[in-house]
Amino acid sequence: PDNTTQTQLTWTSSDEKIATVDENGAVKGVAAGTCTISVSAKNDPSVSADVDVAVRHLEEKDGCTYVDGILIVNKTYSLPESYDPAGLTDETQTALDKMIEDAYAAGLNLYDASDYRSYSDQISVYQEYCARDGWEQADTYSAQTGMVIDFNDINSDFDDTAEAQWLAENCANYGFIVRFPEGKEPITGYKYESWHVRYVGVETAKEIMSRGICLEEYLGVDSEYKNTWPEDPCNPESGVSEQ
């Protein structure tokens, strides 16, 4: 503020191999990792603050985008037509089987209603949504990598069930996250889907779910179309993202 008495500041990084900070507080990432950026008043070091910073490593490989080794698929980062794991990955399937088994032991009927869809299948599904609900609505829920599962009803009827509550409370223990959490629609670009989970590994899933954030927030990426709309918004490229 204009009336501050602390105009001279000292900025430091706890690890300049991860990130540096200049005299104006501008932070620059150097390598993937975490560090702490600190600021204090030169004439009164007791006036200070610390901010934890995570630097992510983003790379493209075979047309796919990975952040710290995690495949990201949304409106910003799409999958190429050549991407085809031909079903759920082995790691995802093993975790899914265990989760369904434990849910059943708890007296719940949790079942895999839909999982991997090929590029061509996803195009067909998206176009069906467009024809039924229009492209603006289709773009909020048409999304499916080989690491994503839709459970039970695949609609909002699932939201208030015991299975949905158990899934939200326990999926991270098996390496899954609720991919499109409630209240995160402006960030993910998709409507809340209690039945839609994505496998990211146990450690990552527990951190994401415990912090109440979405995958985009965790990885520090956005989810929005970068190009202007084509003449036909329901063209195949518009809605192909993740399953």
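A polar contact (a pair of N or O atoms within 3.5 Å, where, within protein, one must be able to donate a hydrogen and the other to accept it, and residues adjacent in sequence count only if both atoms are side-chain atoms) of 3.0 Å joins the side chains of E216 and N74. The model is a predicted one, in which local features need pLDDT of at least 70 and side-chain atom pairs count only at pLDDT 80 or more, while totals for chains, interfaces and linings use all residues. Residues are numbered from 1 along each chain as its sequence is written, and side-chain values use heavy atoms, with hydrogens and water left out.

E216 sits in helix α7, residues 215-219; helices (H or I, at least four residues) and strands (E, at least two) are DSSP runs, numbered from the N terminus. With 1% relative accessibility, E216 counts as buried, a term for under 20% relative accessible area, whereas exposed means over 50% and partly exposed in between (1.4 Å probe, protein chains only). Beyond its neighbours within four places in sequence, E216 is in contact (heavy atoms within 4.5 Å) with I72, N74, R179, I187, T188, V221, D222 and S223.

Now to helix α1, residues 90-105. This helix has 16 residues and reaches 23 Å from its first C-alpha to its last, close to the 22 Å expected at 1.5 Å a residue; the expected span is 1.5 Å times one less than the number of residues. T92, A95, L96, M99 and A103 are the buried residues of α1. Seen down the helix axis, they fall within an arc of 105° (taken from the directions from the axis to the C-beta atoms), so they line one face of α1. On the other side, D90, T94, Y104 and A105 are exposed. The cover over the buried residues of α1 includes β9, β10, α4, β11 and β12. Just after α1, G107 takes a positive phi of about 85°.
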